[in-house]
Amino acid sequence: MTAIEFVEVGPRDGLQNEARLVATADKLQLITRALDYGVRRIEVASFVNPKKVPQMADAEAVCAALPERDDATYIGLVLNTRGAERALATGRIDQLGAVAVASDAFAMANQGQTRAGSIAAVREIAALARSAGKTVQATIAVAFGCPFSGEVDPGHVVEMARELAELGLAEVALADTIGVADPARVALLVAQVKAAVAPLPVRVHFHNTRGTGLANVWAAIGAGASVVDGSLGGLGGCPFAPGAAGNVASEDVIYMLERAAIETGLKLEAMIAANHWLAGVMGRKLPGMAAQAPPFPAESG
């Protein structure tokens, strides 16, 4: 793999679990900065119950003020047809991000339905997207482990991916929602899913709960994943997943890949500047490591 596509999920997954409400204007500044450092696919909001996820209550307001860009794809996360209808009604969402769930226990906690019910929901969301002339992708949540029921059978995940791939999706993603994955299992599952959904791209979404996030990104790319999610500064978590820590930090992923001569199209210096700005908004140092280290190679002076 000599190049990957990067998806910035900070405005949605990075912020959704934060207790401190982030102003709409700051969310828009985060999106603008992501565009400035080169990202062309951005998860801008989720269209979910604002009582359960207050940080996303301004989804429509964010969408109304999104920068007008012909070269950017704005993604809205939706869990059901109601969310899909809300996202499409903004007129600014280019792609719907649907979620299927690999365990019944997490599906009930997250979406109030079974694993099979979550696949049925993706089917309905995909139909709505097609009727509106939009694309849709699907993420398999807790693909590597569930906070309630423990280990997840990889065979079930592969079968889910195969079933989802028949719905006319743009891609299928595997999410390590609670950060329990390890590189060996990641490599094996990504390779199996890639074979099952070909020629669809496989996207990966890792949390760094146990410090294995970057290693898992590397293993996934080696196994054929061509799209990687990250959140600026390593912010993130899930309101329905006990103990889930932040996403892999966007700037850490880009540092690693660019040093390995894997093209990303992103500007690391601008990402680090954005990290420092976001730390000011959040009122604390962010988990990402690249922004805490001196530049390398050192700047000549």
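**View A. Helix 6 crosses helix 7 with a right-handed sense.** The model is predicted. Helix 6 covers residues 115-131, and helix 7 covers residues 154-165. Their axes lie 11 Å apart and pack at an angle of about 20°. That angle makes helix 6 roughly parallel to helix 7, because angles under 35 degrees count as roughly parallel.

**View B. Side by side, helix 6 and helix 7 meet through eight named residues: R115, I119, V122 and R123 with H156, M160, E163 and L164.** Helix 6 supplies R115, I119, V122 and R123. Helix 7 supplies H156, M160, E163 and L164.

**View C. S46 sits in strand 2.** Strand 2 runs over residues 41-47. Is S46 buried or exposed? S46 is buried, with a relative accessible area of 1%. The cut-off for buried is under 20%. Which residues does S46 touch, leaving aside its neighbours within four places in sequence? The contacts are R12, M56, A59 and L77.

**View D. C63 and C146 are both buried.** C63 has 0% relative accessibility, so C63 counts as buried. C146 has 5% relative accessibility and also counts as buried. How many disulfides does the structure hold? The number is zero.

Methods. Residues are numbered from 1 along each chain as its sequence is written. This is a predicted model: local features need pLDDT of at least 70, side-chain atom pairs count only at pLDDT 80 or more; totals for chains, interfaces and linings use all residues. Side-chain values use heavy atoms; hydrogens and water are left out. Axes are lines fitted to C-alpha atoms, for helices over the stretch in contact, and angles run from 0 to 180 degrees between N-to-C directions. Helices (H or I, at least four residues) and strands (E, at least two) are DSSP runs, numbered from the N terminus. Angles under 35 degrees count as roughly parallel, over 145 as roughly antiparallel, 65 to 115 as roughly perpendicular and the rest as oblique. A crossing is left-handed if the near helix is turned anticlockwise from the far one by less than a right angle, and right-handed if clockwise. Contact means heavy atoms within 4.5 Å. A disulfide is a pair of cysteine sulfur atoms within 2.5 Å. Buried means under 20% relative accessible area, exposed over 50%, partly exposed in between (1.4 Å probe, protein chains only).
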